[in-house]
Amino acid sequence: MNETAARTRVIVLYESMFGATRHVAETIAGRLRPVADVTIMNSVDAGPADLAQADVIVAGGPTHAFGLSSETTRAEAKKVAERSDGVLVFDCPDVTRGLRELLRALPRASRQQSFASFSTRSGKAPRLFTGSAARRIDREMRAMGYLPLLPPRDFLIDSTHRLIDGQLTDAADWGAHLAGQLDLHQESRLGER
Ligand SMILES: Cc1cc2nc3c(=O)[nH]c(=O)nc-3n(C[C@H](O)[C@H](O)[C@H](O)COP(=O)(O)O)c2cc1C
């Protein structure tokens with residue numbers, strides 16, 4: 001990487017009800033920090049201006065009802081936590097806002113802006129039967145002119161909504177792979193100057 005170049009600005013956005021997707025997001029952000037200026041945010045706290053400033057948007061959420069969560073499914077997740085006798089801690093600050101609502105306000109890519117998407121989903125069945133929030137994010141971001149750095153990626157949870165053993169290692173590997181793509185992204189941005 002050219003040391004004199006401005007570092008790539010990355011925003012890692014996540015949504016998470018019980019912490020699984022947040023853990024994945026933190027792991028990925030940790031792998032990106034050596035090569036980029038990384039901000040990690042819960043999608044509840046992010047707005048269109050945060051997205052407009054980023055060269056690369058890395059976005060991930062839990063798969064709900066085969067796709068992105070909604071106010072209804074977040075409220076359902078809250079009930080799941082309430083019924084879990086304290087096993088699951090509901091950690092969603094505002095059920096009315098999440099990635100779905102943020103993506104609805106996504107500005108069109110104004111320059112060469114790239115993205116990568118991830119999600120957590122049930123590991124019990126292939127993606128065809130579980131759906132994937134990552135694929136929905138991928139579709140919406142492409143439609144707004146953002147360039148995919150990697151194919152959408154799912155990380156798997158068990159029936160208790162916890163990440164299956166080894167998934168955080170896979171998230172770290174995916175983050176390292178993405179870091180390699182960021183280096184290429186930076187080279188191509190420099191080529192544009
Ligand atoms: C209301 C609700 C709907 C869900 N729907 C699906 C689904 O369609 N497919 C799936 O694979 N997992 C589904 N799940 C499991 C979630 O993907 C899982 O809770 C999530 O990955 C945990 O991540 P989090 O702790 O970051 O929220 C659902 C969970 C809830 C609470």
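1. Starting with the ligand: 23 residues surround it, and the closest are Ser16, Phe18, Thr21, Thr120 and Thr130. A residue counts as near if its C-beta atom, placed from the backbone, lies within 6 Å of the molecule. Keep in mind that this is a predicted model, where local features need pLDDT of at least 70, side-chain atom pairs count only at pLDDT 80 or more, and totals for chains, interfaces and linings use all residues. Residue numbers run from 1 along each chain as its sequence is written.

2. Who builds that shell? Helix H1 (20–32), helix H3 (71–82) and E4 each give at least two residues, with H3 supplying the largest share, four. Helices (H or I, at least four residues) and strands (E, at least two) are DSSP runs, numbered from the N terminus.

3. On helix H6 (residues 133–143), the buried residues are Ala133, Ala134, Arg135, Arg136, Ile137, Asp138 and Met141. Buried means 20 or more other C-beta atoms within 10 Å of the residue's own, with C-beta atoms placed from the backbone. These H6 residues pack against strand E3 (56–62), helix H4 (99–104), strand E4 (114–122), strand E5 (147–148) and strand E6 (153–157); contact here is C-beta atoms, placed from the backbone, within 7 Å. After H6 comes glycine 145, with a positive phi near 90°.

4. Overall, the protein chain has seven helices and six strands, in the order β-α-β-α-β-α-α-β-α-α-β-β-α. Of its 193 residues, 40% count as buried. Among contacts between residues at least 6 apart in sequence, 78% join residues at least 24 apart.

Methods. Buried ≥ 20, exposed ≤ 12 C-beta atoms within 10 Å, placed from the backbone. Contact = placed C-beta atoms within 7 Å.
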